[in-house]
Amino acid sequence: MNRRPLPLSRSIAALCVLSSLWVLPAAAADAVNIRGADHAGFSRLVFEWPRAVAYNARVAGDEVVITFQADGDLSLEAIRKLRLNRVGAPTLARENGRTVLRFKAAKGAGLHHYRSGGKIVLDVKDAGAVQKSKPAATARAVKAENAEAAKDEFVLQQLEALKAKAAEEAEARKKAREQARKQAQEEAAGPLARLQLEEALREADAQHSGRTIHGKVEPIPQGVAIHYQFPDITPAAAFARGNTLIVAWSGQYEVNNPALEAATGDRVRRVEPLSAGGATVLRFRIRPGIGIRLRRDGTMWSLELKDREVLPRETIQFTRQRDPVAGVRLFAQVPEPGLPVEIIDPTDNRPLILVPVSSASAGVLDLRSYPGGTVLRSIQGIAVKPASRTIKAVRHSNGVAFLGMEATTAELATRGYFTRDDGTVGRARLIDLSAWADNSRIPFAQRKADLLYALSIAKPDDQQERRWELARFYLGNGMAADALGVLERMVQLEPDLKNAPVFRAARGYARFRLHHLSDAYEDLGHPILDNEPEALLWRTLVLEAMQRPAEALAAYAVGADVLALYEPEQRAQFRLAAVRADLALDGGAIAKRDLAGLEDPHYSAEVRAEAAYWRGVLAVKGGDRTKAAAEFTVAQNLGGRRINAMATLALTEDELARKSISAKDAIDRLDRLRFAWRGDEFELSLLERLGDLYLDINDPRSALTALRQAVSYFKPSPRTRAIADKMTDIFRGLFLDGGADAMPPAQALGLYYDFRDLTPLGAEGDSMIRKLAERLVNVDLYDRAASLLEHQVKYRLEGVPQAVVASQLAMIHLMNDAPEQAIGVLRATRQRVMPEDVRKERNRVEARALLELDRADEAEAILEGDTSTEAQMLRADAYWKGKEWRKLVDTLKPMLPKAGQTLDKDERRLVMRATVASVMLSDNAGLAQLRASYGAAMKGDALGSAFDIITAPDGQGAASLSGLSETLSDIDRIETFMKNYKAAFRAS
């Protein structure tokens, strides 16, 4: 059902549209870029505003005052950093929307200033430097400048007045609309009227926004058109690349599109908005190969998509113009262009400048390259891909000027460009070593002196060009370090040189020659050189040297198209780099292709030798050892030290594989080979191979030594990290998996200390240390074992694990007759919370230490509550030392061995202790029982004879003790605890 909006609603909608056109938002302070430099006779300050701003400047005594008729964000720190001779003590003030900058100048200083677009140039001249021969001209210039400033100020005042008037009118319209809405609601009667009113108000609100544009698809011959109706004439820009179309309109709108894939017959597959300040930008995914045109009919833009090629009907032309500040600017003459739009190109994530124009179907037909960027082919308007952020697009009433795209003659030479007679810009070779070498008949020393002299007398504007000539001369003559010094000075004086492809390429080559690979890749791997095949060739060399073979081959695939630019010998170096990269990836097809022909005699012996070596490697891969040996022999005979060493290694490996030499023979050869070539990947491979061979002959110390040298002598890389992992695995196999068990303990300990930095963190490392400590304890090397566990307790462990290992360390101190140290370790590592079994074990060890110090009472107290056999044995020791015979007998009864069995040494001692205690207690019945149970088993030694005498039925046991004191002293120490402690290490 169609309902006609109420007349009142139409009025409100119209007022809302007008208010949306006139009300201007409050603007924040403009960001102002400040540049400057000292020149002969004057200092120049340049203020770059984002828009044209009225201003006036004057000299008041020793002070210069410049007033901008706008609120600007100026940085005083930026002015101070310029360190200008004639500008000092700057101050800044903001007053009623104006920005006032003051600074000190010499008395009588002259002042010259002018404006170009948003750029305001201020020259402070030396006193007396103002020309007095042309007073009339100066007066006219001052008068013209004052008139211009006054005119600008008047225009700005009028604009502010219009803004204020528009704001007042918008407020009045808003009040009228609210009043009309209220009145209409009151007058509306019945549900139908209310519904009509609500619908009308919604339509009025939509019209008030005025910012929603609806796309409508319509068939046209050989294609379709998408129509976008705007409220006013709106500038537009568009360009296409592959399956991407980007369209931009001045102003911010919400654009709604129908289901374009179906409506356009698969010509448009998706559309999405892109972020852009002050503009509406859409990205269309289109079917490749279709023709596109953007036409305007009044306020409606039609995006035509056709199944044939379509070109813009009007061509935007560019001219080169002189600019008083920028030097040269590129100007496109188009009537009333829109504001330039800066976006990030979603295709490559790099900046893109779009300039919308109102002219219907006006675009750029041909791609144009400049030192500062590229003007792309466009469907509508202008699209520029800048090479740096210094490129600026400045809108004028009759066109758009691009600053920084062109350069002065000196800058062109520095950046590798030159201007032809017809005004077009040509491009020199990126790296042309033979031309740079300047192999003329002039001697090298004389040519160098001439270049240095030319630089010394050059004017400031020409010095960069002279430096560039000198740097290229150095590079062409193999003096990379000297060249790099000159290039670094150039970029220090002119940072924007980093955005010049030729400069990047030259500095990258110099860094590569000095083997500064990361720095070389910073230059040669820069995105600015991605489309330079010549640079990609040199990038191949850098990436291959950095052990990034896949990337090296990708660069070579493009760069190989321009191999013909170089001399055969240099071409061979690029080809060999590709060969090395291909074989590093275990390939072979590329290597076989690029090795073809490198055996020709016109190549140097070095090239032919390396080519022969890699042909030998390919033969090994193919299983043809005979051919491989022949190629390696050729390489050995032709090559210098490096290739000779590589070929010798390959031949040794071949003989080792054939078993014509032993591993020891191979080690002898490779050890001598280390001194033939050192310092690169070859030596690293050699050390790694030596490590493997030493393992084959069961010499882990020599293996670890060779591998440690590989890791220590070379910079960290994936390969050195892999070698370090191999060392850790060897060390783990030795000290965790039992590999070192066959070594004498002292030798194993020495190996451990020499490579203890390989001990892994965590439980594995702790277990490794305890295993080694156990071996040392088993051969009574208590001091060495204690030092291992002390390091664990102090630096590696905490909590319960520390308490456990501390108990083991205390055991070692006891076995080493150091009970005080045992007690000290235990008490220093006490924990508030410990498992019960750990606590009791520590108490037993401490009790043993106390007994050793004749502190039996303390030992008995610390064992309270512990009913284990070990604790009972300790109590028996305490009662023996304290001569508490009754307690001793009661404690020993359940611990005595069974009658009739064979007794070991400690069991014989226990029986003797029980016998002595019974004698001291005059327990004849007990003595008789002991004699009956153990009389036969105790025979055979001095202890048995003493037992026989003491337990004799004559009742003289106590009397006989005094005569047996020397024999009975053997039972003062029960050695069972020693065995138990050693067993505890194995159990742990």
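Reader: Let's start with Tyr-613 and Trp-614: are they buried or exposed?

Author: Tyr-613 is buried, and Trp-614 is too. Buried here means under 20% relative accessible area, exposed means over 50%, and partly exposed is in between, with a 1.4 Å probe and protein chains only. Keep in mind that this is a predicted model, where local features need pLDDT of at least 70 and side-chain atom pairs count only at pLDDT 80 or more, while totals for chains, interfaces and linings use all residues. Residues are numbered from 1 along each chain as its sequence is written, and side-chain values use heavy atoms, with hydrogens and water left out.

Reader: What share of the residues counts as buried, and how many helices and strands are there?

Author: Of the protein's 988 residues, 45% count as buried. There are 38 helices and 32 strands, taken as DSSP runs numbered from the N terminus (helices H or I, at least four residues; strands E, at least two).

Reader: How do I read an aromatic pair, and how many aromatic pairs are there?

Author: In general, you describe a pair of aromatic rings by the distance of the centres and the angle of the planes. The cut-offs: rings of Phe, Tyr and Trp (its six-membered ring) pair if their centres lie within 6.5 Å, with planes under 30 degrees apart counting as stacked, over 60 as edge-to-face and the rest as tilted. Searching the whole structure turns up 15 aromatic pairs. Take Phe-473 and Tyr-474: their ring centres are 6.3 Å apart and their planes sit at 45 degrees, so that pair is tilted. As for burial, Phe-473 and Tyr-474 are both buried.

Reader: Which residues form an aromatic cluster?

Author: Tyr-228, Phe-230, Trp-249 and Tyr-253 form one.

Reader: And which charged end sits over the ring of Tyr-521?

Author: That's Arg-548, whose charged end is 4.6 Å from the centre of the Tyr-521 ring. The test is NZ of Lys or CZ of Arg within 6 Å of the ring centre and within 35 degrees of the ring normal.

Reader: On to helix packing: at what angle do the axes of α31 and α32 cross?

Author: For two packed helices, you quote the angle between their axes and the distance between the axes. The axes of α31 (residues 869–882) and α32 (residues 885–892) come within 8 Å and cross at roughly 155 degrees. Axes are lines fitted to C-alpha atoms, for helices over the stretch in contact, with angles from 0 to 180 degrees between N-to-C directions. The two helices are therefore roughly antiparallel (under 35 degrees is roughly parallel, over 145 roughly antiparallel, 65 to 115 roughly perpendicular, the rest oblique). On the α31 side, the contact involves Gln-872, Ala-876, Tyr-879 and Trp-880, and on the α32 side Trp-885, Lys-887, Leu-888, Thr-891 and Leu-892. Contact means heavy atoms within 4.5 Å.

Reader: Where does Ser-378 lie, and what does Ser-378 touch?

Author: Ser-378 lies in the loop between β27 (373–375) and β28 (382–386), and is buried at 5% relative accessible area. Not counting residues up to four places away in sequence, Ser-378 touches Ala-238, Phe-239, Pro-312, Gly-363 and Val-364.

Reader: What about phi of Asp-266?

Author: Most residues other than glycine have a negative phi. Phi of Asp-266 is positive, near 70 degrees. Asp-266 is in the loop between α5 (260–263) and β16 (268–274), and counts as partly exposed at 26% relative accessibility.
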